[in-house]
Amino acid sequence: MRTRAQLSDGRWQISGQKMWISLANHADVALIFAQTDPPKRHRGIACFLVPTSAEGYSSQEIHGKLGLRASDTGSIALDQAEVGEDALLGEGG
């Protein structure tokens with residue numbers, strides 16, 4: 001997992017990319033899994049609720065798929081998207 005989240009001044013900054021996300025272009029909120037502590041590997045992963053209107057969040061529809069044409073999928077790009085500490089679901093790890 002290459003998406004990273006870093007806590008700075010009470011705000012999480014999330015950067016990375018996700019592919020083949022169902023309804024990426026229609027959702028109001030995205031569940032984003034990101035590494036908060038990379039040396040811990042799978043134990044350093046956390047989940048965040050990220051509004052799709054957040055600064056640094058963008059999505060793009062995927063065209064020209066083979067199969068699964070009825071499924072609306074897209075890609076998500078996060079470029080220092082900021083969310084509050086309360087966006088963390090549960091505890092990290």
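Modeller: Ser 8 is partly exposed, with a relative accessible area of 32%. Keep in mind that this is a predicted model.

Biologist: Why is Ser 8 called partly exposed?

Modeller: Buried means under 20% and exposed means over 50%. The relative accessible area of Ser 8 is 32%, in between, so Ser 8 is partly exposed. Ser 8 lies in strand 1. Its C-alpha is 9.7 Å from that of Glu 82, although 74 residues separate Ser 8 and Glu 82 in sequence.

Biologist: What makes Thr 3 buried?

Modeller: Thr 3 has a relative accessible area of 1%. The limit for buried is under 20%, so Thr 3 is buried. Thr 3 sits in the segment before strand 1 (4–8).

Biologist: Which residues is Thr 3 in contact with, leaving aside its neighbours within four places in sequence?

Modeller: Among them are Ile 14, Gly 16, Lys 18, Ile 32, Phe 33, Gln 35 and Leu 78.

Biologist: What makes the pair Thr 3 and Lys 18 a polar contact?

Modeller: Their side chains are joined at 3.5 Å. A polar contact needs N or O atoms within 3.5 Å, one able to donate a hydrogen and the other to accept it, so the pair counts.

Biologist: Is Gln 35 buried or exposed, and how do you know?

Modeller: Gln 35 has a relative accessible area of 7%. That value falls under 20%, so Gln 35 is buried. Gln 35 belongs to strand 3. A polar atom of the Gln 35 side chain lies 3.1 Å from the backbone oxygen of Arg 41. Arg 41 is also one of the residues in contact with Gln 35, as are Met 1, Thr 3 and Ile 45.

Biologist: And what makes Arg 41 exposed?

Modeller: The relative accessible area of Arg 41 is 62%. Exposed means over 50%, so Arg 41 is exposed. Arg 41 is in the loop between strand 3 and strand 4.

Biologist: What about the phi of Arg 41?

Modeller: Phi of Arg 41 is near 50°, a positive value in a residue other than glycine. Most residues other than glycine have a negative phi. Trp 20 also has a positive phi, near 60°. Trp 20 is in strand 2. Its relative accessibility is 52%, over 50%, so Trp 20 counts as exposed.

Biologist: How do you know that Val 29 is partly exposed?

Modeller: Val 29 has a relative accessible area of 47%, which lies between 20% and 50%, so the label is partly exposed. Val 29 is in strand 3.

Biologist: Which residues make the nonpolar surface patch?

Modeller: Met 1, Val 29, Leu 31, Phe 33, Leu 49 and Leu 89 make a patch of about 550 Å². A patch residue needs over 30% relative accessible area. Val 29, at 47%, passes that cut-off. Strand 3 (residues 29–35) gives the most to the patch, with three residues.

Biologist: Which members of the largest nonpolar core touch the most other members?

Modeller: Of its 17 residues, these are Ile 14, Ile 32, Phe 48, Val 50, Tyr 57 and Leu 78. Strand 2 (11–22), strand 3, strand 4 (45–51) and strand 6 (73–84) each supply at least two residues of this core. Strand 6 has the largest share, with four residues. In soluble globular proteins, nonpolar side chains tend to be buried together.

Biologist: Which residues does Ile 32 contact, leaving aside its neighbours within four places in sequence?

Modeller: They include Thr 3, Ile 14, Phe 48, Val 50, Ile 76 and Leu 78.

Key
Residues are numbered from 1 along each chain as its sequence is written. This is a predicted model: local features need pLDDT of at least 70, side-chain atom pairs count only at pLDDT 80 or more; totals for chains, interfaces and linings use all residues. Side-chain values use heavy atoms; hydrogens and water are left out. Buried means under 20% relative accessible area, exposed over 50%, partly exposed in between (1.4 Å probe, protein chains only). Contact means heavy atoms within 4.5 Å. Patches are made of residues with over 30% relative accessible area and no salt bridge: like charges are joined within 9 Å, nonpolar side chains (Val, Leu, Ile, Met, Phe, Trp, Tyr) within 5 Å. Accessible areas come from the Shrake-Rupley method with a 1.4 Å probe; for residues, only the protein chains shown count as cover. A salt bridge is a side-chain nitrogen of Lys or Arg within 4 Å of a carboxyl oxygen of Asp or Glu. A nonpolar core is a set of buried Ala, Val, Leu, Ile, Met, Phe, Trp, Tyr and Cys residues joined through side-chain atoms within 4.5 Å.
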